[in-house]
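Please look over the sequence and the model shown here before reading on.

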Amino acid sequence: MRYREVVKATFLARPNRFIAHVLLDGEEVVCHVKNTGRCRELLLPGAEVWLERGNNPQRKTLYDLIAVRKGAQLINMDAQAPNRVFYQWASQLEPEMTALRAEYTYGQSRLDFCLETPQGLHLVEVKGVTLEENGHARFPDAPTERGIKHLRELMRAVEEGHKASAVFIVQMENVLDFAPNDVTHPAFGEALREAAATGVQVVAVNCRVTPDSLEILHPIPVVL
């Protein structure tokens, strides 16, 4: 997936989870942050960030913050991007897919995707990962009861005879593996291990990131 009209800026502050102040061409600008996670290890004063110019003149903010540099690593932090790149990559997960449906209602949840195959339904929940610690990707960066609810629905889908996957899109390239962030939310880690034990496929993939693009590369090891 590609972005349009991307410019580089310097991060200054994030007064709330929706907006950030950046320095763009010598001027302080308020932009929209396309990620409501904490991202405390990413959005540090002085960090290089990349913005996409919006095309809606009615918006209060002209730019969206979509990427940030952490050391030598460029990290995409657009929370909408993982679903968009998964849509392009879905046939790699399910080669026999005959149809792809987004925002699929199942049980008490709306799951990200339903992949239809000759063998039946393959339900998928996608999670974007921006947290990296010493080369290891981690999710979540903040407690997520909603994430646990989705895992429960995937487990129920398996019990009812469907195929189900939790897919973690690591929005950076240079990582060794992926694991649940038990320090931040141990209950999510427990739920993910339970899901894997009951037949939910747990997949993590890394991505090639440029200031104006995001592309899934390949699966990485999952440590549960």
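## Ser165 and its surroundings

The side chains of Ser165 and Gln201 are joined by a polar contact of 2.8 Å, a polar contact being a pair of N or O atoms within 3.5 Å, where within protein one atom must be able to donate a hydrogen and the other to accept it, and where residues adjacent in sequence count only if both atoms are side-chain atoms. Ser165 lies in strand S12, helices (H or I, at least four residues) and strands (E, at least two) being DSSP runs numbered from the N terminus. Ser165 is buried, because its relative accessible area is 0%; buried means under 20%, exposed over 50% and partly exposed in between, with a 1.4 Å probe and protein chains only. Apart from residues up to four places away in sequence, Ser165 touches Leu93, His122, Leu123, Val124, Glu125, Leu154, Val200 and Gln201, contact meaning heavy atoms within 4.5 Å.

This is a predicted model, in which local features need pLDDT of at least 70 and side-chain atom pairs count only at pLDDT 80 or more, while totals for chains, interfaces and linings use all residues. Residues are numbered from 1 along each chain as its sequence is written, and side-chain values use heavy atoms, with hydrogens and water left out.

## Helix H2

Helix H2 covers residues 145–159, and its 15 residues should span 21 Å at 1.5 Å a residue, which agrees with the 21 Å between its end C-alpha atoms; the expected span is 1.5 Å times one less than the number of residues. After H2 comes Gly161, whose phi is positive, near 95 degrees.

The buried residues of H2 are Gly147, Ile148, His150, Leu151, Glu153, Leu154, Met155, Ala157 and Val158. These buried residues pack against strands S7 (99–106), S8 (109–117), S9 (120–129) and S12 (163–170), and also against helix H3 (186–197).

Ala102, found in strand S7, is partly exposed, since its relative accessible area is 45%. Although Ala102 and Phe113 are 11 residues apart in sequence, their C-alpha atoms are 4.4 Å apart in space. Leaving out residues up to four places away in sequence, Ala102 touches Asp112 and Phe113.

Val49 has its place in strand S4, residues 48–53, and is buried, with a relative accessible area of 0%.

The largest pocket has a volume of about 840 Å³. Of the 31 residues that line the largest pocket, the closest to its centre are Asn35, Thr36, Ala79, Phe139 and Arg146. Helix H1 (81–93), S8, S9, strand S11 (136–139) and H2 each give two or more residues to this lining, and the largest share, five residues, comes from S9. By class, the lining of the largest pocket has 10 nonpolar, 10 polar and 11 charged residues, where Ala, Val, Leu, Ile, Met, Phe, Trp, Tyr, Cys and Pro count as nonpolar, Asp, Glu, Lys and Arg as charged, and the others, Gly among them, as polar.

The second largest pocket holds about 160 Å³ of space, and among the residues of its lining are Arg2, Lys34, Glu52, Asn55, Asp64 and Arg84. That lining divides into one nonpolar, three polar and eight charged residues. On a 1 Å grid over the protein atoms alone, a pocket is an open set of points where a 1.4 Å probe fits, with protein on both sides within 12 Å along at least five of seven lines, and lining residues have an atom within 4 Å of a point. Grid points are joined across faces, edges and corners, and a volume is the space filled by probe spheres set on the points.
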